[in-house]
Amino acid sequence: MAQLIYLDGELVERDQAKVSVYDHGLLYGDGVFEGIRAYNGRVFRLEEHIERLERSARAIMLEIPLSSEELIEATVETCRANEVRDGYIRMLVTRGEGDLGLDPRKCANPSIVIIAANIQLYPEELYETGLPLITVSTRRNSPASLDPGIKSLNYLNNILAKIECILADVQEGIMLTNQGLVSECTGDNIFIVMGDGLVTPPVEAGILDGITRAVVMELAEDEGIRVTEKLFPITEVYTADECFLTGTAAELVPVVKVDGRQIGDGKPGRTTRRLLDRFRELTKSEGTPIYD
Ligand code: PMP
């Protein structure tokens, strides 16, 4: 079956889904996006993703030409057209076609693209063995320059960090703030387990306000696990009992080594496992239905 892409109100075949080379999304990374998951015929936390997309768009003064309800409808329609039950959805809004100057006022019509595809899941064994990480030297964007809370199409900060990970032969890396404290990873938020509580950097530190992060915080509270949002140095990760990452694609991935140092007993921890199990239970039962 040919893949159908939502492009500005129409479902078009993948090789027909094209935007202008004058689109400021391409020329300048001027636009916003979301990565969303579908589980078992339902889109998980779709409203939260749309809200974050709208927040990001507002922050860059980009007016999305569809309402929240229309964005939800377009997402569901794109999933249905591609017979997605368990998949990954990429939604982006670009500034649209302009000229070679920076002036966003030259871009009269923002473009909306929705791609819904069957996802390549992280291999299940990763959840059994856990990930090794490094701390990268690329610092996370300062919120005073480009707030990491804006999920913009300009992901070069993360890509530079990802290149360091690739060169070090690891999948993810910890990025520090300009002050040298832990912020997040290239495409995931980070948590550590200290005793019977969770610790994670606050959104004000300059991180993406992750949807999975928020779900995990809800689940932890429900499990009677205390959650503290505070800044901490990388040494606290080295000495933590457990460490895990959260993200739409990753769900909750245990971390077993950082910069060559073993975390906890070097195996995925009990709290991480419990929260992952609870997370997966939730994804099975919750979400916006794609099919009636
Ligand atoms: N941080 C960054 C930089 C990200 O790109 C992402 C999303 N891939 C996350 C954290 C995790 O956010 P979410 O749980 O909303 O996917």
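Student: Which hand does the crossing of H2 and H3 have?

Tutor: In this predicted model, the crossing of H2 and H3 is right-handed. To find the pair, look at residues 46–59 for helix H2 and residues 68–81 for helix H3.

Student: At roughly what angle do the axes of H2 and H3 cross?

Tutor: They cross at roughly 125°, and the axes come within 10 Å. Angles of 65 to 115 degrees count as roughly perpendicular and those over 145 as roughly antiparallel. That is why H2 is described as oblique to H3.

Student: Which residues make the contact?

Tutor: On the H2 side, pick out Leu-46, Glu-47, Ile-50, Leu-53 and Glu-54. H3 brings Ser-68, Leu-71, Ile-72, Thr-75 and Val-76. Sorted by class, the residues in this contact of H2 with H3 are six nonpolar, two polar and two charged.

Student: What lines the largest cavity?

Tutor: Its lining is made of Ile-36, Arg-37, Tyr-39, Phe-44, His-49, Ile-211, Thr-212, Gly-247, Thr-248 and Phe-279. Strand S3 (31–39) and helix H6 (211–222) are the elements that give two or more residues to this lining. S3 has the largest share, with three residues. By class, the lining of the largest cavity has five nonpolar, four polar and one charged residues.

Student: And how much space lies in the largest pocket?

Tutor: A pocket, unlike a cavity, is an open set of points. The largest pocket has about 830 Å³ of space. It is lined by 33 residues, and Tyr-88, Arg-90, Tyr-122, Gly-187 and Ala-249 are the closest to its centre.

Student: Which element gives the most to the lining of the largest pocket?

Tutor: That's H5, with three residues. Several elements each supply at least two residues of this lining, among them S3, H2, H6 and strand S5 (87–94).

Student: How does the lining of the largest pocket divide by class, then?

Tutor: It has eleven nonpolar, 14 polar and eight charged residues.

Notes:
Residues numbered from 1 in each chain as written. Predicted model: local features only at pLDDT ≥ 70, side-chain atom pairs only at ≥ 80, totals over all residues. Heavy atoms only, no water. Axes fitted to C-alpha atoms, helices over the stretch in contact; angles between N-to-C directions. Helix = DSSP H or I, 4+ residues; strand = E, 2+ residues; numbered from the N terminus. Parallel < 35°, antiparallel > 145°, perpendicular 65-115°, else oblique. Left-handed = near helix turned anticlockwise from the far one by under 90°. Contact = heavy atoms within 4.5 Å. Nonpolar A, V, L, I, M, F, W, Y, C, P; charged D, E, K, R; others polar. 1 Å grid on protein atoms, 1.4 Å probe; cavity = no way out; pocket = protein on both sides within 12 Å on 5 of 7 lines; lining within 4 Å. Points joined across faces, edges and corners; volume = space filled by probe spheres on them.
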